[in-house]
Amino acid sequence: MHIEIDANPEETLILKNACQKAFERLDRLFGGRFADISRDLRIQIGDGLTESGGQTVLSENKILFDRQKMLLSLAEAEKQLAGVLDPGDWTGVMSAKDAARSGSCMEYNFIHEIAHILAQTDGDEASYHRIDSSESPTRYGRQPDKFSRKKDHEALAEGFTYITFGRPVGKPMQAAIDQLVQEHLRSLA
Ligand SMILES: [Zn+2]
């Protein structure tokens with residue numbers, strides 16, 4: 001994985017640490033194989049790269065993040081997304097102290113975007129619908145918005161993030177994520 005950060009030194013350290021923490025969580029989920037799974041992935045963090053906080057570019061195996069949004073604490077990001085998220089939807093995955101820390105938004109969204117990369121790599125339309133949006137642990141994955149009428153892929157990304165943080169999800173979600181993880185581990189063999 002290549003991570004490029006366009007920010008001042010202090011911000012760069014915060015963002016780098018958040019990516020590192022997320023990476024370690026993912027590595028635990030993948031039994032120490034996440035470096036192999038994400039070898040060719042490129043992460044770019046900077047200004048004006050994406051209008052949303054994070055955006056996956058599947059064709060280039062790349063994830064773009066907005067510097068300013070990712071520097072937010074998860075608590076602040078959740079507050080700004082009121083109506084899209086219910087209170088606790090994001091902050092519930094970590095301690096209140098961690099959720100109040102600058103860059104915790106990066107940690108959460110790093111994992112969320114990784115889910116999009118992992119779920120869509122086979123280019124199969126069906127992979128977008130591994131789970132019904134009603135199974136999402138957060139409002140964001142359930143509620144249609146201007147970008148998507150059907151939020152199955154966002155539900156999956158939110159479920160994946162919950163599981164990576166060690167939070168419980170419903171049985172269908174757990175099964176869908178187990179399958180996704182297994183698919184990638186098998187592809188390494
Ligand atoms: Zn998403």
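Me: Across which strands does helix α1 lie, and at what angle does α1 run to β1?

Reply: This is a predicted model, in which local features need pLDDT of at least 70, side-chain atom pairs count only at pLDDT 80 or more, and totals for chains, interfaces and linings use all residues. Residues are numbered from 1 along each chain as its sequence is written. Helices (H or I, at least four residues) and strands (E, at least two) are DSSP runs, numbered from the N terminus. Helix α1, residues 9-29, lies across β1 and β2, and its angle to β1 is about 155°.

Me: What is the order of the strands in the open sheet?

Reply: Two strands pair if DSSP finds at least two bridges between them. The edge strands, each pairing on one side only, are β1 (2-5) and β3 (54-57). β1 pairs with β2 (residues 42-46) in the parallel sense over 4 bridges. The open sheet has 4 strands with mixed pairing, in the order β1-β2-β4-β3.

Me: Are α8 and α9 roughly parallel or roughly perpendicular to each other?

Reply: Axes are lines fitted to C-alpha atoms, for helices over the stretch in contact, and angles run from 0 to 180 degrees between N-to-C directions. The axes of α8 (residues 152-164) and α9 (residues 171-188) come within 10 Å and cross at roughly 85°. Angles under 35 degrees count as roughly parallel, over 145 as roughly antiparallel, 65 to 115 as roughly perpendicular and the rest as oblique. Therefore α8 and α9 are roughly perpendicular.

Terms used. Contact = placed C-beta atoms within 7 Å.
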